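Me: I would like to learn how the labels put on a protein model are decided. Could we go through some of them together?

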Amino acid sequence: MKDSKVKTVGILTSGGDAPGLNPAIRGLCEAGMNNYGMKFVGILNGYKGFEAGQCISIEKEDLPELLTAGGTFLGSTREKPFKNKDKISETGLNAVDSIKKFYKKWKLDALVVLGGNGSNTTAGLLSQEGLNVIGLPKTIDNDIVHTNYSFGFQTAVNIATESISMIHTTAASHSRVMIVEVMGHKAGWIGLHSGIASGADVILLPEIPYDINKVAKKISDNKKAGKKYSIVVVSEGAMDKEEAALDKKTFKKVRAAMTCSVGARVAKQIEEITGLESRCTVLGHLQRAGSPLPYDRCMATLFGATAADYLAREEFGKILVWQNDQIVGIPLLDVASQVKNVPTDDPLVKTAKSVGVSFGD
Ligand code: F6P
């Protein structure tokens with residue numbers, strides 16, 4: 001057992017869940033307990049539970065089943081304590097002061113936050129408030145800057161790819177255009193990877209505004225060339241060129257007024273322009289569901305165990321990220337309020353185009 005001044009560590013998961021959270025918690029707790037004699041407090045339901053003082057003690061016997069378990073056994077919310085700084089709760093404290101109170105009450109030496117952009121931004125702000133915080137990268141969207149890995153992305157891509165690959169058979173049977181809407185409001189990584197991996201004809205991403213007439217032309221050309229059906233993958237945040245020209249506020253209004261998803265809209269427009277029967281499938285939360293892939297289990301274990309070493313070395317205020325095939329710790333606030341988008345000249349975008357995929361641009 002190695003020496004560590006850090007004895008008691010709080011863990012919380014925040015934001016949308018992702019396959020990989022549970023194995024990361026297992027890796028952290030096993031390594032922390034085995035190598036440093038640390039104790040772990042599981043904070044329930046993200047920052048919301050922290051504010052309300054909801055916690056459990058994590059015991060060694062809780063850990064084995066976490067390796068293969070999807071979701072997060074601690075629960076999660078999208079609470080942003082610094083947004084409600086002026087709101088005083090029944091405890092007489094604002095959200096941030098409540099968190100600081102429970103951090104002290106539970107005698108935490110440090111806190112590990114498993115979250116995406118917003119949650120790690122909060123982690124960075126808590127670190128500025130004097131808490132000893134370490135962040136870990138979690139998001140199926142793969143949109144955290146400075147890291148080439150986040151828990152859940154590979155599993156989500158796998159689910160989307162399997163689903164789109166399956167849809168080919170029914171598309172072929174009915175000679176239809178099948179539109180599959182995948183997650184990704186701001187970043188189109190899931191759409192790009194799953195679209196290429198499943199042989200989509202068209203991929204529409206938030207980063208590449210599309211012209212519906214160009215999309216329709218690609219589908220009509222397919223038909224003329226003898227292809228019975230077409231597959232269109234649409235990120236939920238994909239936008240057409242007109243929408244892309246709007247300012248942020250107007251765009252939000254336009255989207256709020258939409259009565260169907262963007263995938264359903266694309267399906268309707270394609271049918272109107274080409275005359276070909278079109279159907280839309282929205283994969284939704286299936287992409288965050290179920291057991292993590294082996295790759296996510298391994299990487300989550302690596303990140304969790306490495307976090308225990310960072311805790312023992314008291315390297316706080318950092319988020320662990322994956323760069324050049326290794327984990328490095330960078331300041332938490334370096335990832336704050338940023339989104340890692342698909343560059344329009346990404347090698348995969350170029351490759352997709354060169355094998356005939358249309359982005360509608
Ligand atoms: O966590 C990221 C994400 O899965 C996005 O891809 C998606 O747009 C969003 O969460 C859905 O959030 P919620 O589960 O709150 O509906």
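Reply: Gladly! Leaving aside residues up to four places away in sequence, aspartate 240 touches Pro209, Tyr210 and Arg265, where contact means heavy atoms within 4.5 Å. This is a predicted model, in which local features need pLDDT of at least 70 and side-chain atom pairs count only at pLDDT 80 or more, while totals for chains, interfaces and linings use all residues. Residues are numbered from 1 along each chain as its sequence is written, and side-chain values use heavy atoms, with hydrogens and water left out.

Me: Why is aspartate 240 called buried?

Reply: Buried means under 20% relative accessible area, exposed over 50%, and partly exposed in between (1.4 Å probe, protein chains only). Aspartate 240 has 11% relative accessibility, so it counts as buried.

Me: Where is asparagine 45 in the chain?

Reply: Asparagine 45 sits in the loop between strand 2 (39-43) and helix 2 (46-52). Helices (H or I, at least four residues) and strands (E, at least two) are DSSP runs, numbered from the N terminus.

Me: How do you know that aspartate 17 and arginine 288 form a salt bridge?

Reply: The rule asks for a side-chain nitrogen of Lys or Arg within 4 Å of a carboxyl oxygen of Asp or Glu. In this pair the closest N and O atoms are 2.8 Å apart, so the pair meets the rule. The rule finds one salt bridge across the interface of domain 1 and domain 2.

Me: What are the bounds of domain 1 and domain 2?

Reply: Domain 1 is 8-151 + 292-334 and domain 2 is 154-288; such bounds come from an automatic or database domain assignment.

Me: How much area do domain 1 and domain 2 bury between them?

Reply: About 1000 Å², with 57% of it on carbon and sulfur atoms. Buried area is the accessible area (1.4 Å probe) that two parts lose on being put together, summed over both. Ile140, Asp141 and Leu293 supply 47% of the area that domain 1 buries against domain 2, more than any other three residues.
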